[in-house]
Amino acid sequence: MVWDRVHYFPEEVDPVVYHLPQNAAMFPQGGLSVVERALAIVQPRLASVTDRQIVHGDLHMWNVHARRNELWALDFEDILWGSRAQDIAISLYYIQGRADCADLTAAFRRGYEQEAPWPTDKAELAIYMAARRLMFVNYVFNIDMPDRAEFLARSMDLLRGFLDSQS
């Protein structure tokens, strides 16, 4: 797979269904418009990435095992062609909104820079994290998710913040 569009999984695996009438009705007021506006920003950026390499594609705290001061990455089913910045954004996506987000991000960056130069900036990471959010907004309609409404409300707040930062 190549992360060159928001909905990068094959249609038979994760069909794009967020916009179907029965699903669109579940968005908070104005939510579908927020999704469409965010897609219009992130989709061209994803398509323009040229520095792709093989990346984990789902590296977050639940896919890392710590043993005897060593870290082991797990769960390679989402491996894809993407940039290092895209892979970093996936990792940082999961800490958005946490009180310790800034501290965790700084620690992540310090650790990363022990191995390689930091390949991105805050604006680029925001685009890729918004793309991840948009992918999950669709995904929640393809799974049985009891707290879907809560997830969508939180997602719309985060995507509105992203859109405000783009103005």
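What separates Arg 160 and Asp 157 in helix H6? Being 3 residues apart in helix H6 (residues 148-166), the two are separated by about one helical turn. Arg 160 and Asp 157 form a salt bridge, with their closest N and O atoms 4.0 Å apart; the term denotes a side-chain nitrogen of Lys or Arg within 4 Å of a carboxyl oxygen of Asp or Glu. Asp 157 is exposed, at 52% relative accessible area, while Arg 160 is partly exposed, at 30%. Here buried means under 20% relative accessible area, exposed over 50%, and partly exposed in between (1.4 Å probe, protein chains only).

The model is predicted: local features need pLDDT of at least 70 and side-chain atom pairs count only at pLDDT 80 or more, while totals for chains, interfaces and linings use all residues. Residues are numbered from 1 along each chain as its sequence is written, and side-chain values use heavy atoms, leaving out hydrogens and water.

The protein chain contains 6 helices and 4 strands, where helices (H or I, at least four residues) and strands (E, at least two) are DSSP runs numbered from the N terminus. Their order from the N terminus is α-α-β-β-β-β-α-α-α-α.

The whole structure holds 5 salt bridges. One of them joins the side chains of Arg 45 and Glu 124 at 2.6 Å, N to O. Arg 45 lies in helix H2 (residues 31-47) and Glu 124 in helix H5 (residues 122-139), so this pair ties together parts that are 79 residues apart in sequence. Glu 124 is buried, with 15% relative accessibility, whereas Arg 45 is partly exposed, with 26%.
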